[in-house]
Amino acid sequence: MTITEMAKTSSPWLDGSGKHAESVVSSRVRLARNIHGISFTHHAKPRDLERSMALVREALQASTTLGRGTLVVMDELDELDRQFLVERHLVSQEHAEKSPHRAMVVGDGEMVSAMINEEDHLRLQAIQSGFEAMDAWRILERLDEELDGRLDYAFSCEWGYLTACPTNTGTGLRASMLVHLPALVLTGQISKVLHGISQMGLAVRGFYGEGSDVMGNLFQVSNRTALGVSEIDIIQSLERVVRQVLDYEAQARQILLRDARSQIEDKVWRAYGILKYCRKVTSHEVMSLGSAVRLGKSMGLIERISAAGLNNMLLVCQPAHLQKRFEREMDPAERDMVRADLVRKIMAEEEARTNTG
Amino acid sequence: MLCDNCGKEIAKVHYKEIKDDKTIECNLCEKCALEKGLHVSPKKQAFSISNILAGMADEVGSSTAKCQGCGLTYAEFRETGRLGCSECYDAFKEQLRPLLRRIHGSNVHTGKSPHATEGVLEKIREIEDLKLALKHAIEREDFEKAAEIRDKIKDLESKANESPGEGEAGK
């Protein structure tokens with residue numbers, strides 16, 4: 001699948017399936033691995049990187065999970081395509097910055113992917129829709145097992161998998177869930193909850209991961225430690241904490257419905273109206289309006305839109321996605337108009353579908 | 001997100017401007033921000049994990065330690081928060097042990113391991129358990145038991161040394 005083809009479709013892992021899909025957009029698991037005897041990426045000489053690239057590529061091609069995947073060499077892409085992959089959550093911002101000997105492999109359905117020569121020689125990733133971190137881990141574990149026999153991983157019996165950054169040493173595992181918490185934000189309890197999450201040893205980040213802002217009330221909750229805990233323990237403690245946070249969110253929604261029903265209904269329907277009739281809209285606005293509508297949907301105030309529809313809207317409204325879709329570069333003002341057209345179209349399609357369905 | 005101004009580079013400077021009662025949100029790349037007279041000192045301002053890490057990696061032992069594998073010095077690691085190769089873990093073992101404990105709350109791996117090291121890991125864990133038992137036996141002054149455990153440890157250690165898994169880093 002080429003990037004242009006990808007741009008015409010939504011990511012399958014945003015299809016709104018899985019447990020708690022109205023509040024948990026996605027679950028993601030990644031593994032960091034390096035090859036024994038080759039310097040870590042940032043410290044490696046070009047010929048080292050050529051070697052790690054060749055070894056990893058060969059191992060991935062021989063795997064059943066990613067063997068038929070699409071390989072993309074980062075420095076063969078233009079800026080727009082690289083940004084597109086960042087928006088798609090297939091590569092990190094650092095990986096997209098133009099440097100040689102970097103690549104990405106993505107499997108059918110975009111559920112499993114790999115970055116070659118990112119901070120570590122190999123970063124494996126699995127994404128699932130909804131509260132499904134354990135499923136994502138099972139998929140990744142299988143791929144890791146397959147690669148184990150083919151790659152000589154850098155490993156120490158005392159410290160586990162050795163990574164460029166000591167925060168990943170051990171399992172090399174980072175598991176995260178993207179959670180929608182509008183009621184906790186509206187009731188002013190979010191900072192208390194975020195504090196609680198960090199006390200439980202987990203980290204909270206914004207939409208695009210490390211160092212990014214919180215947009216559309218979407219929070220990425222992930223484990224912070226990777227050493228001294230087993231992979232299953234990491235996933236289970238993430239699940240436990242997210243389940244707890246979802247409970248708090250549900251309580252906050254009950255309070256909103258009881259004490260401020262008319263304000264919430266007004267907020268939700270105004271957001272709906274803007275999305276349905278706007279003629280100019282920024283991607284930030286789509287995020288926050290989408291958040292209000294998502295809240296209305298999961299509180300049963302709105303029926304006319306699906307979780308998949310809202311997820312898709314967030315994805316395709318991002319700048320690089322818009323420009324890839326229409327196959328031309330656009331300035332922000334033009335993008336805002338084109339985006340509004342697209343949002344109205346999605347809203348109409350969603351209405352038509354939910355009416356007949 | 002791409003820069004509002006040039007639409008080519010990645011927007012890294014985000015701010016709001018109030019003009020004629022209207023709030024305008026701006027997202028610019030570093031170059032365009034600089035052209036608009038907004039001063040951003042690159043890199044240094046970014047609050048990243050490597051900064052925190054560099055701060056955490058304090059001077060335990062000598063900071064002139066150097067990795068024979070890739071030539072990275074401990075001082076360089078402290079600056080970037082990134083190790084140079086898997087051998088660095090051996091070279092800076094003394095400094096990394098407390099650092100890893102501070103980051104993870106533990107410095108012993110308990111997760112999965114590559115197939116090639118299976119067995120070796122079990123042996124190491126068994127030896128650790130026996131060493132603890134030895135200590136307890138000595139404390140109890142049960143020297144007969146202690147001698148028995150000591151022999152068992154010796155036996156296991158010699159076996160661990162001749163088993164495969166050579167070439168794995170940081171044993």
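Biologist: In which element of chain B is confidence lowest?
Modeller: This is a predicted model, in which local features need pLDDT of at least 70 and side-chain atom pairs count only at pLDDT 80 or more, while totals for chains, interfaces and linings use all residues. The mean pLDDT (the predictor's confidence in each residue, from 0 to 100) of chain B is 77, and 71% of its residues reach 70 or more. Among the helices (DSSP runs of H or I, at least four residues, numbered from the N terminus), confidence is highest in α4 (residues 88-91) of chain B, at 94, and the lowest value in chain B, a mean of 62, belongs to α2(B).

Biologist: How many residues of chain A does chain B contact?
Modeller: Residues are numbered from 1 along each chain, chains are lettered from A, and side-chain values use heavy atoms, without hydrogens and water. Contact means heavy atoms within 4.5 Å. On this basis, 45 residues of chain B touch residues of chain A numbering 52.

Biologist: How many salt bridges does the rule find across the interface?
Modeller: The rule asks for a side-chain nitrogen of Lys or Arg within 4 Å of a carboxyl oxygen of Asp or Glu. A:Glu145 and B:Lys112 form a salt bridge, at 3.1 Å from N to O. Across the interface of chain B and chain A, the number of salt bridges found is 5.

Biologist: Which helix supplies the largest share of the side of chain B that touches chain A?
Modeller: α2 (49-56), α5 (93-104) and α6 (120-139) of chain B each supply at least two residues of that side. The largest share, 7 residues, comes from α5(B).
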